[in-house]
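Please walk me through this structure step by step, beginning with a single backbone detail and then moving from the overall fold to individual side chains.

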Amino acid sequence: MKRMIWMAAGVAIGVLAVRKLSQTRDALGPAGLNRALGQVADSVATFADAVRDGMQEREMDLRLALGIDSADDVRTR
């Protein structure tokens, strides 16, 4: 009975090790690299959109504060 438990534990550890190695190999391969670069590009694009939105909002605030535009002009944009 003791041998069966140790054998089952060895098989389970072996399966987990093979799965982890396969995941690592896939992550380091060309497809994994493309996936990682795609995620980085998406993150950069999202950040750039947020910065652009913030800049537009701040510009509207400054235009109102300086009296360049009225509140009606800003609402129509």
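Which residue takes a positive phi just after H2? In this predicted model, the residue is glycine 67, whose phi is about 80°.

With that detail in place, the overall fold can be laid out. The chain has three helices and zero strands, so that reading along the sequence gives the pattern α-α-α. The mean pLDDT of the chain is 88, with 91% of the residues at 70 or more. Confidence is highest in helix H2 (residues 30-66), where the mean is 92, and lowest in helix H3 (residues 71-76), where the mean is 62.

The overall dimensions come next. The C-alpha trace spans about 85 × 30 × 15 Å along its principal axes, and the radius of gyration is 28 Å, whereas a compact globule of 77 residues would have a value near 11 Å.

Helix H1, with its 27 residues, reaches 39 Å from its first C-alpha to its last, close to the 39 Å expected at 1.5 Å a residue. Because the number of buried residues among its 27 is zero, H1 lies largely in the open. Isoleucine 5 lies in this helix, which covers residues 2-28, and counts as exposed because its relative accessibility is 54%, above the 50% cut-off. Together with Met1 and Met4, Ile5 forms a nonpolar surface patch with about 410 Å² of accessible area. Tryptophan 6 is also placed in helix H1 and, at 63% relative accessibility, likewise counts as exposed. From tryptophan 6 to leucine 62 the separation is 56 residues in sequence and 72 Å in space, C-alpha to C-alpha.

Between H1 and H2 there is a loop in which glycine 29 is found, and this glycine is buried, since its relative accessible area of 17% falls under 20%. Glycine 29 is 26 residues from methionine 55 in sequence, and their C-alpha atoms are 39 Å apart. For H2 itself, the 37 residues should span 54 Å at 1.5 Å a residue, and the end C-alpha atoms are 53 Å apart, which agrees with that expectation.

The charged side chains can now be considered. Side chains of opposite charge can pair when their charged atoms come close. A search of the whole structure finds three salt bridges. One of them joins aspartate 49 and arginine 52, with an N to O distance of 2.8 Å; both residues lie in helix H2, three residues apart, about one turn of the helix. Aspartate 49 is partly exposed at 39% relative accessible area, and arginine 52 is partly exposed at 44%.

Another salt bridge links arginine 63 to glutamate 59, with the closest N and O atoms 3.4 Å apart. Because these two residues are four apart in helix H2, about one helical turn separates them. Glutamate 59 counts as partly exposed at 41% relative accessibility, and arginine 63 is partly exposed at 24%. Arginine 63 also meets aspartate 69 in a salt bridge, at 3.5 Å from N to O, and aspartate 69 counts as buried, its relative accessibility being 12%. Through these shared partners, salt bridges join Glu59, Arg63 and Asp69 into one network.

Conventions: Residues are numbered from 1 along each chain as its sequence is written. Side-chain values use heavy atoms; hydrogens and water are left out. pLDDT is the predictor's confidence in each residue, from 0 to 100. Patches are made of residues with over 30% relative accessible area and no salt bridge: like charges are joined within 9 Å, nonpolar side chains (Val, Leu, Ile, Met, Phe, Trp, Tyr) within 5 Å. Accessible areas come from the Shrake-Rupley method with a 1.4 Å probe; for residues, only the protein chains shown count as cover. A salt bridge is a side-chain nitrogen of Lys or Arg within 4 Å of a carboxyl oxygen of Asp or Glu. Buried means under 20% relative accessible area, exposed over 50%, partly exposed in between (1.4 Å probe, protein chains only). The radius of gyration is taken over C-alpha atoms; the globule rule is 2.2 Å times the number of residues to the power 0.38. The expected span of a helix is 1.5 Å times one less than its number of residues.
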